[in-house]
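Hello,

I am handing over a structure that you have not seen before. Please look through it first; my notes on what was found follow below.

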Amino acid sequence: MTQAQQLLEYIDSSPSPWHVVESTVALLQAHGFKALSEKEIWQLNAGERYYTIRDQSSIIAFIAGSKAPSESGYRIIGAHTDSPGLRIKPNPEQKRGAYLRLGVEVYGGPILATFADRDLSLAGRVSIKTGRGAQAFESRLLRINESIVRLPNLAIHLNREVNKSGLKFNPQDELPLIFSQPGPDGGSFKGFIAERLQVNETDILAWELAAYDTQPGAFSGLDQAFITNSQLDNLASCHAALLALTKILDQSNPATQVIAFFDHEEVGSSSAKGADGSFLSDVLHRISTTLDDTTQGHHQAIAHSYMLSADMAHAWHPNFSHKHEPEHQPIINAGPVIKINTNQRYTTNAHTEALFVSICEDEKIPHQKFVNRSDLACGSTIGPMSAARTGIRSLDVGNPMWAMHSIRESAGAADHHYMIGAMSGFLRC
Ligand code: ZN
């Protein structure tokens, strides 16, 4: 199976950030990574592989370097597990005429129009009561496989301006998802969830459920050069980092190699498990003090370290070329894109950019450079917050893609292969 095919399968098995962590753990365990709980005392050995999870949707995995962190530092690849979309409200049921629809909150900044007329379903986690007492509950992952919710378009006859003015939804009134045509004795949403989890309805305490597209990933274009799926932003970066890390397992490396995937990037990263939270700095500090045992060791380790913040980039779109900076037009299947922004929306600087260019040259991997048009506002990534929190030199890199934040995004098959090569070069540098 090609690496691009593996990516599509990884996304298909990861319809929510909680499932992303589950799929990631499956891959890590298959490669001998051992689980660490943040609640326990850690004992680490040089060369061994570990991972730790915070609240089910952020995960950090690492291979302890052959040298102490104070001597060789960390090589960190960061990415995010979440994608923008629709999340089911706590009391979602809204009866309108003959239909039961489910109220949704908009999570992050999706292109809402792309959710219309898709075969949507639901995935996420549900908290189930397991006994008496405040902490007697467990979190269960839930994935409804068949399409169970839908956002039908309005016919063009009732919305004549749609092709001129675009498809717009009022998130409160026009975005709820059609769930059922309830009979006289109801058939509630909570009852449906309880049945799927084989629990009593009264034992369901809470949920976080995302709408996802049931259509599996696919290749498209002549020679199947393009890949299409939901969540390419940013599961393509997570998967590339995972493959890069598992590709270099047989090579002993002085630096401790880390991959860190965070939830909540799409809503600003400011949470206990987000990139603007303490997760990464807590884990690094813990590794340093466990492997090094000196008070200054961690500070030395940070000074020796590099972070590659991996998030997807905007490919030049031939139908909208005026949206791009004419001299910086990332092309799909032409290699990783180094993202540069002088206002520090991206962390890349001349030093870290030079490092990445050298890695690409060594690995014979093409690379491209991106800056936004000077008259357009620039997006951002987990990079600036992670760099500010940890004090680690950093850069922002990502593969070029189209339709970022659509429920059906597209990118290049060859780029995935290039990115894995560049990332494994980075982890070994
Ligand atoms: Zn992203």
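Which residues line the second largest pocket? They are Arg101, Leu151, Pro152, Asn153, Leu154, Asn159, Leu167, Lys168, Phe169, Glu174, Pro176 and Ile178.

Before the rest, some notes on reading this. The model is predicted: local features need pLDDT of at least 70, side-chain atom pairs count only at pLDDT 80 or more, and totals for chains, interfaces and linings use all residues. Residues are numbered from 1 along each chain as its sequence is written, and side-chain values use heavy atoms, with hydrogens and water left out.

Pockets

A pocket here is an open set of points on a 1 Å grid over the protein atoms alone, with protein on both sides within 12 Å along at least five of seven lines; a cavity is a set of points where a 1.4 Å probe fits but cannot get out, and lining residues have an atom within 4 Å of a point. Volumes are the space filled by probe spheres set on the points, which are joined across faces, edges and corners.

The second largest pocket has a volume of about 240 Å³. The largest pocket holds about 820 Å³. It is lined by 35 residues, and those closest to its centre are Ala313, His314, Met401, Ala403 and Met404.

Zinc site

The protein donors of the zinc ion (N, O and S atoms within 2.8 Å of the metal, or 3.2 Å for Na, K and Ca; water is not among the atoms, so sites may look incomplete) are His80 (NE2), Asp233 (OD), Asp311 (OD) and Asp311 (OD), at 2.0 to 2.6 Å. Along the chain the donors follow the spacing H-x152-D-x77-D.

Regards
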